[in-house]
Amino acid sequence: MLIVDLHLKGNLVIVVGSGNEGVKKVSSLLTQDCEILVIGDKSNSQIERYAKQGKIKFKKTKLKDASFLSKYKPYLVMATTFDRTLNRKIVEKARRMKSYAYASDDPEISDFAHPSVINIADTVQIAISTGGSSPAMARKIKLKAEPFFKKNISNEDIYQIKLQKFARFEAKQVLPTQLDRKKFLYAVMNDRRVKELLKEGRYKMAQARVKKMLRERS
């Protein structure tokens, strides 16, 4: 099994089913900067709240088969209804449309297993997966591991991740080779002044420090 991080940014993801399982999948997608459409035959208070906040779109419709998917061009389809047969039809239809497909009640027919995810400050995601063998155990292990990671990944680490993204963008404008940029990113990560600024929460000053370091290299 290979755990991958799908790049969903800007793509349409359809979650079919607005029950508790659908809510879980929507919640896991909210940090991915993708377009989320929930299609279900019943309303749900959490789904309605997300829709009112503009985080998702919700279409209430009677689900009889998978033909409704033909109206859309999704990158990913997640079937979370209570009807196992319908979920399978949705997966098959999505695949014919060249979309990734997932059924919450049948990992074996899905294109991937949906892991339990530890989310830290919407910046670090740690996936715990059993490859679909036991989602319940994946969740149990997540609950055991979550306090450790949240305790040991500091605000400084989160700032450093954001700063690395900033530094990578800036370096691409100046440094000609990938090797040069890689060396620069490690220099930023290990720079004592940068560490001091991030520890103090002075992110803007850390960005200024990155720009100065880059000028000195160019």
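Let's start where two helices meet: Arg 193, Val 194, Leu 197 and Leu 198 of helix H7 are in contact with Tyr 203, Met 205, Ala 206, Arg 209 and Met 213 of helix H8. Sorted by class, the residues of this H7 and H8 contact are seven nonpolar, no polar and two charged. Helix H8 covers residues 203-217, and its axis lies 8 Å from that of H7, at an angle of about 165°. Angles over 145 degrees count as roughly antiparallel, so H7 and H8 are roughly antiparallel to each other. The crossing of H7 past H8 is left-handed. Please keep in mind that all of this describes a predicted model.

**Other helix partners**

Helix H7 (residues 192-199) also packs against helix H5 (residues 155-172), at an angle of about 120° and with the axes 9 Å apart. H5 and H7 are therefore oblique to each other, and their crossing is right-handed. On the H5 side, the contact is made by Glu 156, Tyr 159, Gln 160 and Leu 163, while H7 brings Val 194, Lys 195, Leu 198 and Lys 199. The classes here are four nonpolar, one polar and three charged residues.

Helix H8 has another partner too, helix H6 (residues 178-190); the axes of H6 and H8 come within 11 Å and cross at roughly 135°. That angle makes H6 oblique to H8. The crossing of H6 and H8 is right-handed. Which residues make this contact? From H6 come Lys 183, Phe 184, Ala 187 and Val 188, and from H8 come Val 210, Met 213, Leu 214 and Arg 217. By class, the H6 and H8 contact divides into six nonpolar, no polar and two charged residues.

| Helix pair | Angle | Axis distance |
|---|---|---|
| H5 and H7 | about 120° | 9 Å |
| H7 and H8 | about 165° | 8 Å |
| H6 and H8 | roughly 135° | within 11 Å |

**The nonpolar cores**

In soluble globular proteins, nonpolar side chains tend to be buried together. In this model, the largest nonpolar core has 19 residues. Those with the most contacts inside this core are Ile 14, Val 16, Ile 39, Phe 68, Leu 69 and Ile 90. Two or more residues each are given to the core by strand S1 (12-16), strand S2 (35-40), strand S4 (76-79), helix H3 (84-96) and strand S5 (100-103). Which element gives the largest share? The answer is H3, with four residues.

Leaving out residues up to four places away in sequence, Leu 69 touches Ile 14, Val 77, Ile 90, Lys 93, Ala 94 and Met 97.

**The whole chain**

Stepping back, the protein chain has eight helices and seven strands. Of its 218 residues, 38% count as buried. The C-alpha atoms fill a box of roughly 65 × 35 × 35 Å along the principal axes. Among contacts between residues at least 6 apart in sequence, 49% join residues at least 24 apart.

Notes:
Residues numbered from 1 in each chain as written. Predicted model: local features only at pLDDT ≥ 70, side-chain atom pairs only at ≥ 80, totals over all residues. Heavy atoms only, no water. Core = buried A, V, L, I, M, F, W, Y, C linked by side-chain atoms within 4.5 Å. Buried < 20%, exposed > 50% of the residue type's maximum accessible area, 1.4 Å probe, protein only. Contact = heavy atoms within 4.5 Å. Axes fitted to C-alpha atoms, helices over the stretch in contact; angles between N-to-C directions. Parallel < 35°, antiparallel > 145°, perpendicular 65-115°, else oblique. Left-handed = near helix turned anticlockwise from the far one by under 90°. Nonpolar A, V, L, I, M, F, W, Y, C, P; charged D, E, K, R; others polar.
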